[in-house]
Amino acid sequence: MSQDLDELFSKNRDWAAAQEKRQPGFFTRLLGQQTPQYLWIGCADSRVPANELVGLLPGELFVHRNVANLVVHTDLNALSVIQFAVDGLKVQHIIVVGHSQCGGVKAALAGARLGLVDNWLRHVQDVRDQHAALLEQIPEALRVDALVELNVLEQARNVCHTTVVKDAWARGQSVVVHGWVYGLHNGLLQDLRITAGGPEDVMPAYKKGLERVARRYLAEV
């Protein structure tokens with residue numbers, strides 16, 4: 001591999017040429033295509049390519065990614081993305097997406113020390129501690145994926161509690177929040193059924209989501 005990463009520029013040229021050959025005028029149309037209906041909040045894991053998973057083109061899906069797909073109320077980066085998506089782009093759906101065997105969730109569950117990221121993963125540990133009684137009942141081999149799902153439920157609820165989403169709902173704007181999980185082992189998305197289109201939906205959807213996670217994983221005991 002060269003120091004200047006020439007191979008990546010070469011692959012980029014090949015990709016651009018292939019795109020234009022397959023769809024003439026693709027990049028010209030793309031200039032005016034920033035009208036997504038969806039905001040995807042996912043993990044930074046390189047194995048989870050958001051657009052490809054749902055078969056959408058660039059411009060059709062607005063994406064924010066960080067380690068363990070967290071929505072922290074003091075994270076101005078995530079909050080700015082949510083505000084631009086809701087207020088500027090007028091997205092209609094915000095989807096929090098975790099994935100199976102997430103390394104960040106695995107580290108948080110085990111209390112592993114990795115460095116600076118430990119401070120970020122403290123938020124996942126808070127989810128772990130909040131649901132400790134349930135996690136203790138789940139077979140150890142399944143606990144990482146159970147915590148992945150619990151973390152998605154908590155982060156989806158956090159999205160609902162942001163001032164941006166609450167203000168949008170208050171003025172009657174259509175914004176629906178979802179929580180999904182992507183399976184690295186099979187390439188499929190799973191809807192955790194925490195779906196909220198207004199403040200009155202949040203707690204009922206959250207509670208039903210928790211019940212489904214508990215029922216699914218305790219069935220393995």
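Modeller: Contact here means heavy atoms within 4.5 Å. The model is predicted: local features need pLDDT of at least 70 and side-chain atom pairs count only at pLDDT 80 or more, whereas totals for chains, interfaces and linings use all residues. Residues are numbered from 1 along each chain as its sequence is written, and side-chain values use heavy atoms, with hydrogens and water left out.

Colleague: Which residues does Ile82 touch, not counting residues up to four places away in sequence?

Modeller: Ile82 is among the residues with the most contacts inside the largest nonpolar core, of 52 residues. Such a core is a set of buried (under 20% relative accessible area, 1.4 Å probe, protein chains only) Ala, Val, Leu, Ile, Met, Phe, Trp, Tyr and Cys residues joined through side-chain atoms within 4.5 Å. With that sequence exclusion, Ile82 touches Leu39, Ile41, Val71, Ile94, Thr162, Val164 and Val165.

Colleague: Which element gives the largest share of the lining of the largest pocket?

Modeller: A pocket is an open set of points on a 1 Å grid over the protein atoms alone, where a 1.4 Å probe fits, with protein on both sides within 12 Å along at least five of seven lines; lining residues have an atom within 4 Å of a point. Here 16 residues line the pocket, with Asp145, Glu149, His185, Gln190 and Tyr217 nearest its centre. Three lining residues, the largest share, come from the helix (a DSSP run of H or I, at least four residues) named α8.

Colleague: How much space lies in the second largest pocket?

Modeller: Its lining includes Trp15, Phe26 and Glu52. The space in this second largest pocket is about 220 Å³.

Conventions
Buried < 20%, exposed > 50% of the residue type's maximum accessible area, 1.4 Å probe, protein only. Helix = DSSP H or I, 4+ residues; strand = E, 2+ residues; numbered from the N terminus. Points joined across faces, edges and corners; volume = space filled by probe spheres on them.
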